[in-house]
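This report describes the aromatic side chains of a predicted model.

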Amino acid sequence: SDARVGEPGARSFGTETSPAEILRFTSETREKLIAAGYKIYDLTGQSISTLRDSGKPFHSQWHAQYPDIENSPSRLTQVAIHPDNFFLPDSNKTTPFQRWRMLKKVSRELAKKENIDGVKAVIGELADYAELAFAHLDRTGEGLFSQKDGYRYALTTTPIDASRHARIGALGDRKNDDFGINIGGISRHNDTFIAPLIMPKAA
């Protein structure tokens, strides 16, 4: 089973936070990430339930019956993503060890090629990707999971049962009749990839 698929961050189950409580990149790191093509967003402790209550659309509804999934909040940290390279190539149907090696490689390449230290690449939790997807859509008008070769799903560290972790995808753009996030359970699948989130190392 996939007992560990990433590196979840420990934090309390709060609902609202002030900007001062969010762990942030240093000014130098932020500038380097932006120069390298990354976009930076704040994760603010939102959950699937708080996002839905605020009017954010979700295709899937089965998880409403699972409070642990619905109410688990996102981390309180800034994250950086590269929208043009959101999914790691060939990261579908990977083992936990293979995923760990891929994430380590992303972190090393940031340090070596972009001279960006003090960050780490992780697989996020379900709420991290949900809040991030809506923030990205609001800022850019683009769906985070939409790719030129079709929709893909991001693997998360959020467990559904002893052998499966949640995956998240869909959303698209607001012109799509099927607009909304879709959450499913998967251990390995052809369309489910690693979507690394770059965070401060302390996150």
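## Aromatic contacts

In this predicted model, rings of Phe, Tyr and Trp are taken as a pair if their centres lie within 6.5 Å, and by this rule there are six aromatic pairs. One of them joins Phe86 and Phe87 in an edge-to-face arrangement, with 5.0 Å centre to centre and 65 degrees between the planes. Phe86 and Phe87 are both buried. Another pair is formed by Phe97 and Trp100, whose ring centres are 5.8 Å apart; their planes stand at 25 degrees, so this pair counts as stacked, the cut-off for stacking being under 30 degrees.

Phe97 and Trp100 both belong to helix α4 (residues 96-113), where three residues, about one turn of the helix, separate them. Phe97 has a relative accessibility of 53% and therefore counts as exposed, since the class requires over 50%. Trp100, with a relative accessible area of 49%, is partly exposed.

Phe86 and Phe87 also belong to one aromatic cluster, together with Phe145 and Phe193.

Charged groups are found over aromatic rings as well, as listed here for two arginine side chains.

| Charged end | Ring | Distance from ring centre |
|---|---|---|
| Arg52 | Phe58 | 5.5 Å |
| Arg167 | Tyr153 | 3.9 Å |

Terms used: Residues numbered from 1 in each chain as written. Predicted model: local features only at pLDDT ≥ 70, side-chain atom pairs only at ≥ 80, totals over all residues. Heavy atoms only, no water. Phe/Tyr/Trp six-rings, centres within 6.5 Å; stacked < 30°, edge-to-face > 60°. Buried < 20%, exposed > 50% of the residue type's maximum accessible area, 1.4 Å probe, protein only. Helix = DSSP H or I, 4+ residues; strand = E, 2+ residues; numbered from the N terminus. Lys NZ or Arg CZ within 6 Å of the ring centre and 35° of its normal.
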